[in-house]
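Please work through each task with the sequence and the structure at hand before reading its solution.

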Amino acid sequence: MTSIPETMTAIGMAAPGGPDVLRPETRPVPKPGPGQILVAVAAAGVNRPDVLQRQGGYNPPPGASDIPGLEFAGTVVAQGEGANRFAIGATVCALVAGGGYADYAVVDESNALPAPKGLTLTEAGAIPETFFTVWTNVFQRGRLQAGESFLVHGGSSGIGTTAIQLAKAFGATVIATAGSEDKCAACRELGADHAINYRTEDFVAAAKAMTGGRGTDLILDMVGGDYIDRNYELAADQGRIVQIAFLNGPKATVNFSRLMLKRLTHTGSTLRPRTVPEKAAIAAELHAKVWPLLEAGRCKPLIHATFPLAQAAEAHRLMESSAHIGKIVLTV
């Protein structure tokens with residue numbers, strides 16, 4: 001049995017600020033509580049909420065680790081009382097409310113999943129945050145069905161590349177928006193039927209033309225701001241819009257008459273504050289419906305770059321540049 005040290009390296013920050021506030025520090029190795037497992041982390045995904053936390057705008061929920069990192073993959077090295085789903089030595093990936101940027105992390109075993117067969121632990125570490133987010137928002141809240149049209153903004157992001165692949169795998173016609181021709185090409189390579197460069201085209205007019213003037217059945221939006229009104233204009237009758245972030249701000253001037261005239265549904269959610277049982281229910285659906293696709297090679301996380309854990313600041317600089325296509329991952 002591998003011995004577990006008393007201390008570990010983790011990424012901390014003394015105060016909110018720019019990427020340079022992220023620095024390696026020594027922390028006690030966490031101990032798994034009832035129903036929890038301790039994982040030796042091999043890889044941890046970097047996500048936009050981590051950037052918001054570093055900037056001081058998205059604090060961990062009560063009881064969560066102050067260490068950044070919402071997802072990781074690695075090897076189970078200890079079990080808390082009553083935790084028996086994963087054996088010591090099993091490889092898993094997991095969704096957490098914090099703590100991923102570290103040598104070791106704890107997670108409730110119901111919020112962990114077996115690392116998909118055929119994928120590396122680096123790839124597995126890039127799965128949970130985006131796949132949980134896409135599943136709950138596109139398929140649970142957005143109710144996407146085969147044969148419908150689906151538009152995702154930010155198609156080249158971690159969320160976008162995941163949404164394109166899953167929506168296509170489940171039979172939707174997929175439209176993505178992105179900010180360059182290279183990013184649009186990447187979206188098409190992942191399976192998008194159409195890609196719109198929002199810097200050179202009006203995405204409303206372009207997507208309406210692509211749907212024969214009907215508009216799209218479902219829109220996944222992480223931009224907000226003036227996109228809200230434009231999404232209402234684009235949506236088809238009885239269309240759905242799911243909001244998951246506000247990169248352009250949470251306030252907007254909107255013509256709400258379209259909400260009534262088109263009988264639209266505008267909903268949204270956040271993932272981090274949700275309860276362990278709620279996340280466990282998402283995990284169970286992913287294991288049943290998406291894990292077979294991952295293990296068959298029909299979808300996989302697109303990894304743009306990896307950085308050693310100690311270079312978390314560099315990873316955040318890349319994230320903030322928006323030059324990446326897909327996921328950024330820290331390796332331990």
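**Exercise 1.** Determine how many aromatic pairs the model contains, and describe the one formed by Trp135 and Phe139.

*Solution.* The structure is a predicted model, in which local features need pLDDT of at least 70, side-chain atom pairs count only at pLDDT 80 or more, and totals for chains, interfaces and linings use all residues. Residues are numbered from 1 along each chain as its sequence is written, and side-chain values use heavy atoms, with hydrogens and water left out.

Step 1. Rings of Phe, Tyr and Trp (its six-membered ring) pair if their centres lie within 6.5 Å; planes under 30 degrees apart are stacked, over 60 edge-to-face, and the rest tilted. Under this rule there are five aromatic pairs.

Step 2. Trp135 and Phe139 make a stacked pair, with 4.6 Å from centre to centre and 20 degrees between the planes.

Step 3. Both residues belong to helix H3 (residues 128-141), where they lie four residues apart and are therefore separated by about one helical turn. Helices (H or I, at least four residues) and strands (E, at least two) are DSSP runs, numbered from the N terminus.

Step 4. Trp135 is buried, at 4% relative accessible area, and Phe139 is also buried, at 13%. Buried means under 20% relative accessible area, exposed over 50%, and partly exposed in between (1.4 Å probe, protein chains only).

Step 5. Together with Phe170, Trp135 and Phe139 form one aromatic cluster.

**Exercise 2.** Identify the strands that pair with E5, and state the sense of each pairing.

*Solution.* Step 1. Two strands pair if DSSP finds at least two bridges between them. Strand E4 (residues 71-79) is antiparallel to E5, with five bridges; here Thr75 stands opposite Thr91.

Step 1. Strand E7 (residues 112-114) also runs antiparallel to E5, through three bridges, and Ala94 has Ala112 as its bridge partner.

Step 2. Of the five residues in E5 (residues 91-95), four are buried.
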